[in-house]
Amino acid sequence: MSLALVLDLFGTFFFAVSGSLLAARRQFDIVGSLFLGSVAGLGGGVIRDLVLGQVPSAFDRPVYLIPPLAAALVVFFLLGSVERFRRLLLVFDAGGLALFCITGTVKALEAGMNPAASALLGVTTAVGGGLLRDVVANREPQLFNRRDLYAVPAMLGAGLVTVLWHAGMFGTAAALGVAAVVFGLRVLSLHYGWHIPRAAGTWHGSRRE
Amino acid sequence: MSLALVLDLFGTFFFAVSGSLLAARRQFDIVGSLFLGSVAGLGGGVIRDLVLGQVPSAFDRPVYLIPPLAAALVVFFLLGSVERFRRLLLVFDAGGLALFCITGTVKALEAGMNPAASALLGVTTAVGGGLLRDVVANREPQLFNRRDLYAVPAMLGAGLVTVLWHAGMFGTAAALGVAAVVFGLRVLSLHYGWHIPRAAGTWHGSRRE
Amino acid sequence: MSLALVLDLFGTFFFAVSGSLLAARRQFDIVGSLFLGSVAGLGGGVIRDLVLGQVPSAFDRPVYLIPPLAAALVVFFLLGSVERFRRLLLVFDAGGLALFCITGTVKALEAGMNPAASALLGVTTAVGGGLLRDVVANREPQLFNRRDLYAVPAMLGAGLVTVLWHAGMFGTAAALGVAAVVFGLRVLSLHYGWHIPRAAGTWHGSRRE
């Protein structure tokens, strides 16, 4: 199996666990868990592949159905009773984010997209699954959290991959390094509450004259 | 007209009525009713056709615009004042579910997809329209109801169609039989409250040691 | 640059401003603003291009990334502190609606779609971005507002473009005229509270016997 496939399957599994954990929180049934896990795990890749004009991997290669099934089972048997549910969801979500910003960017570069579009598609892949998960579960997407960094690590990762690829320096070590940076930045921002300015420069405090 | 087209148009009509009924409940205007009906009736097929790399039927064949128009008119003139609104919505939704899990699976099989992917696309087609309807109307999707079976009948139907197709036994009688099974199972689960275990095995009651 | 591209970029900018304004209202951060603006500005066109079986412009031509960036900056530096936020969002949204119902219809006609499908795709493009914006931000879509006209002006515009195109009378002047009609109708309906009947004919008042 190629590196890209392995990373993509692990990313799918991580996001699928986040979806199944959310399903457990909402007391959905086991099939609802399988669906919300599938939406979270496979959604970003389906958007990516549709944009690339390819048959979505989720429908092309049956091996992609294993991670959501495994995630629903893991949550059912192991994680359903964890206390620190919210933290666990965030950690798995961060794992998916770290891997998908890489595999999304690489797949776009391999398809011959320009650098800007490749990085954009990488970010879209990375945030897409979690976005669909939250939209489908009718809650405000993680992506719009104000108190930590979500898209920024994915943008950094997709940018790094694009640069490394064009420099001919992208390989297994680089991929794992980028994944570690993205995952680390996301988790540290959660822990320390790192954030960036609000959408409206003067929304809080005094108005500009 | 082929059997698949007839079933697809009826499925579109059933889902479109469910969308227009929801629009009536929410006091949307008649064009909002037409749109929510179109999203519900055509959404699942659009997803299916995009995954298959085809021009969506809804945009390719004008005949597909008739069911949502008819549904908006039926709700406007006939069903707007019904008392048992919720039940009626569920019955039409069940009808769409029963037909779309068949037409989605058949279209995927005819396009040469593998069996697992075909069944998956059938289920996606069947639950997709209702999911989009509920997401767009900003309510928790029917799909995640805990008190009855929604995806399970669609999965059973898509699986049956896949098996019958590969056994060379799929025809009009088989299609109608499968539709009856899916519709019956869905409606009976509503009536008797049949359900399956929750996403988290130990969420309720004592914890496993 | 062709007329269609110019109109499409302005439409993207208008919708992107509406998205970034909503992000400011919700106190999202600046990257959340960029994302919600991108979803609003690029979403309708992505749906349009996927239906047409083309690589979405947003991913094909980097120039499409400029409007959302500009919109996030404009909201950050200029519009974040405006008092009449809601009105401003609606005006920009109306501008996007007016331009996208034209560019969506034209692109479909140029791709050889039939008239009904072209008009439908134009309307889908026009309402799609705003719909995705509101769905992603977890609020009831503008499209379903009961107190004014939203889809009706877009339908009128898409219909006019289809007729003018087939009559060989579509050009810059016609495009600007249609845009003015759609924008004017939308804004006047907001101001005067023009609306159309509800989805259910007899929902209010006495029942039909």
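Colleague: What makes the pair D93(C) and R133(C) a polar contact?

Modeller: A polar contact is a pair of N or O atoms within 3.5 Å, where within protein one atom must be able to donate a hydrogen and the other to accept it, and where residues adjacent in sequence count only if both atoms are side-chain atoms. The side chains of D93(C) and R133(C) make such a contact at 2.7 Å. This is a predicted model, in which local features need pLDDT of at least 70 and side-chain atom pairs count only at pLDDT 80 or more, while totals for chains, interfaces and linings use all residues. Side-chain values use heavy atoms, with hydrogens and water left out, residues are numbered from 1 along each chain as its sequence is written, and chains are lettered from A and ligands numbered from 1 in the order in which they are written.

Colleague: Where is D93(C) placed, and which residues does D93(C) touch?

Modeller: D93(C) is in helix α5 of chain C, residues 85–110, where a helix is a DSSP run of H or I with at least four residues, numbered from the N terminus. Contact means heavy atoms within 4.5 Å, and, leaving aside residues up to four places away in sequence, D93(C) touches F15(C), S18(C), G130(C), R133(C), Q142(C) and Y150(C).

Colleague: Why is the pair of F76(B) and F77(B) given its particular ring label?

Modeller: Rings of Phe, Tyr and Trp (for Trp, its six-membered ring) pair if their centres lie within 6.5 Å, and planes under 30 degrees apart count as stacked, over 60 as edge-to-face and the rest as tilted. By this rule there are 24 aromatic pairs over all chains. The centres of F76(B) and F77(B) are 4.9 Å apart and their planes stand at 90°, so this pair is edge-to-face. F76(B) counts as buried because its relative accessibility is 19%, whereas F77(B), with a relative accessible area of 46%, is partly exposed.

Colleague: What kind of aromatic pair do W165(B) and F170(B) form?

Modeller: W165(B) and F170(B) form a tilted pair, with 6.4 Å from centre to centre and 50° between the planes. W165(B) is partly exposed at 29% relative accessibility, and F170(B) is partly exposed at 22%. In chain A, ring pairs link F10(A), F13(A), F14(A) and F92(A) into a cluster.

Colleague: How do you know how chain C and chain A are related?

Modeller: Copies are superposed by least squares on the C-alpha atoms of residues with pLDDT of at least 70 in both. Chain C can be laid on chain A with an RMSD of 0.0 Å by a turn of 120° and a shift of 0.0 Å along the axis. The two copies are therefore related as by a three-fold rotation axis.

Colleague: Why do you say that the copies meet through different surfaces?

Modeller: Only 9% of the interface residues of chain C are also interface residues in chain A, so the surfaces through which the copies meet are different. The contact takes 32 residues from chain C and 36 residues from chain A.

Colleague: How much area do chain C and chain A bury between them?

Modeller: Buried area is the accessible area (1.4 Å probe) that two parts lose on being put together, summed over both. Chain C and chain A bury about 2,900 Å² between them, and 66% of it is on carbon and sulfur atoms. In chain C, the residues that lose the most area to chain A are Q27(C), F35(C) and F59(C), together 24% of what that side buries.

Colleague: What makes R26(C) and E140(A) a salt bridge?

Modeller: A salt bridge is a side-chain nitrogen of Lys or Arg within 4 Å of a carboxyl oxygen of Asp or Glu. The side chains of R26(C) and E140(A) meet at 3.6 Å, N to O, and are called a salt bridge. The count between chain C and chain A is one salt bridge, along with six residue pairs in polar contact, both at pLDDT 80 or more. On the side of chain C that touches chain A, the largest share, eight residues, comes from α2(C).

Technical notes
Helix = DSSP H or I, 4+ residues; strand = E, 2+ residues; numbered from the N terminus. Buried < 20%, exposed > 50% of the residue type's maximum accessible area, 1.4 Å probe, protein only.
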